[in-house]
Amino acid sequence: MDPEKLYILLAEDDQDDRRFFKKVFDSLKITHTLSMCEDGLELMAYLDDTHKLPHIIFLDISMPGKSGMECLKAIRSNSRYRDTTVAMYSSISSEDTVEEAFVFGANIFIKKPNDFDKLKKILTEVTYINWQYVTDGLNRENYMINYYTNVPDKFL
Amino acid sequence: MKLYLSYNFDKACRTILQEQLDKFNFKYTLEGPGIVHFADSMPMHDYKLLQEQLQHYGIEIVDNQKAIMVQKIKGAILAMLAEKDMPQIKISTYLAMQLNENYRTLSNVFNEVCHISIESFIIIQKIEKVKQLLVNESLSLTEISFLMNYSSVAHLSNQFKKITGFNPTVFQKVLQNKRALTNNIN
């Protein structure tokens, strides 16, 4: 229960977006380590290889090679990653894609804003709520939060 | 002029500790280097004060007193939510009474350790329970709002949407699809 560090993994093919996310994560108050992969293939190789699994993976839906959705399916078909939260995000998606992601086991879906403060707000909330799942063992099957249409004004 | 000193660290630390501890009304004994045994439990307020004063001398309390307190708060909240008839008093009064500590202290420690407020924690836990009732017991929203002490179905739906981003019925549908898929795969 001692606040051990939150371990975050980000899979994003766009260099500017990686920088953008990193900047937002750096501004969060929660102690964390951030690792980054540049596409889906690298992500899967990284996960296979690592002995320290991330608490949460932020996964871009559209990536070359192996798409975010394909990664999600691969991750959810392996029980080793059962307790890892998957947060999908995209700047262009349809409601159908969002629902598909949840049905295939995503825990969080974010419509990526281009605004630093908005993204910060969402990521702050996602990491803090996720921390409750890490520390309190809440039910993972029911762990679905949709930020696609919803602008968060929950807690902070 | 220069003076050359030799220190007895153990004795120095013991003396500092004793001087600081004697400022309070504790019954204590020093059990070897780095361990103090207290006859009674310590109120959080004194604990914080002691921690502050010791920090001044570079002495840190190696303890997860705060984590223990947070566990107690969570325990009290979960017990309260599990009861059929939830207490009609304010949650802050309830927790202060249960834990024999003022609510401000409880709330600050909780925020520091958990990164969210006690109020948010309660809402998250309530919504967790609503999710279970919704998908496992297939209760109607009317039944759930009654069971969970919501003033109306609208209030329940709004809070659900605020926390999960879903309308309760959509959430139910998506989860059923997810379960169907998992069953197909296995």
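## The interface between the chains

In this predicted model, 22 residues of chain A are in contact with 23 residues of chain B. On the side of chain A that touches chain B, the elements that give two or more residues are α4 (95–103), α5 (116–136) and β6 (145–147) of chain A. The residues on that side of chain A divide into 13 nonpolar, 6 polar and 3 charged.

## Confidence

The model scores ipTM 0.86 and pTM 0.76. For chain B the mean pLDDT is 86, and 94% of its residues reach 70 or more. Within chain B, confidence is lowest in helix α3 (residues 65–82), where the mean is 84, and highest in helix α8 (residues 153–164), where the mean is 94.

## Chain A: overall architecture

Chain A contains 5 helices and 6 strands, and these follow one another along the sequence in the pattern β-α-β-α-β-α-β-α-β-α-β. UniProt, in an unreviewed entry, places the feature "domain: Response regulatory" at residues 7–127 of chain A.

Taken along the principal axes, the C-alpha atoms of chain A fill a box of roughly 35 × 35 × 30 Å. Buried residues make up 37% of the 156 residues in chain A, and among its contacts between residues at least 6 apart in sequence, 72% join residues at least 24 apart.

D60(A) has its place in strand β3 (residues 56–60) of chain A, and it is classed as buried because 25 other C-beta atoms lie within 10 Å, the cut-off for a buried residue being 20 or more. Leaving aside residues up to four places away in sequence, D60(A) touches A11(A), E12(A), D13(A), G68(A) and Y89(A).

L10(A) lies in strand β1 (residues 6–11) of chain A, and with 23 C-beta neighbours inside 10 Å L10(A) also counts as buried. When residues up to four places away in sequence are not counted, L10(A) touches R18(A), F21(A), L34(A), M36(A) and F58(A). L10(A) and L43(A) are 33 residues apart in sequence, while their C-alpha atoms are 8.5 Å apart in space.

Chain B has 9 helices and 2 strands, which read along the sequence as α-β-β-α-α-α-α-α-α-α-α. The radius of gyration of chain B is 25 Å, well over the 16 Å that the globule rule gives for 186 residues, so chain B is more spread out than a compact globule. Along its principal axes, the C-alpha trace of chain B spans about 80 × 45 × 30 Å.

The domain assignment divides chain B into domain 1 (9–63), domain 2 (66–115) and domain 3 (121–185), and the C-alpha centres of domain 1 and domain 3 of chain B lie 48 Å apart. Buried residues make up 19% of the 186 residues in chain B. Of the contacts in chain B with a separation of 6 or more, 43% are between residues 24 or more positions apart.

## Chain B: positive phi in two loops

Most residues other than glycine have a negative phi. Against that background, N100(B) has a positive phi of about 55 degrees although it is not a glycine. N100(B) is found in the loop between α4 (91–99) and α5 (103–114) of chain B, and it counts as exposed because it has 9 C-beta neighbours inside 10 Å, where the cut-off for an exposed residue is 12 or fewer.

S138(B), likewise a residue other than glycine, has a positive phi near 50 degrees. S138(B) sits in the loop between α6 (118–135) and α7 (141–147) of chain B, and with 10 other C-beta atoms within 10 Å S138(B) is exposed.

Conventions
Residues numbered from 1 in each chain as written. Chains lettered and ligands numbered in written order. Predicted model: local features only at pLDDT ≥ 70, side-chain atom pairs only at ≥ 80, totals over all residues. Contact = placed C-beta atoms within 7 Å. Helix = DSSP H or I, 4+ residues; strand = E, 2+ residues; numbered from the N terminus. Nonpolar A, V, L, I, M, F, W, Y, C, P; charged D, E, K, R; others polar. Domains from an automatic or database assignment. pLDDT = per-residue confidence, 0-100. UniProt positions renumbered as here; feature names shortened; annotations may be inferred. Rg over C-alpha atoms; globule rule 2.2 N^0.38 Å.
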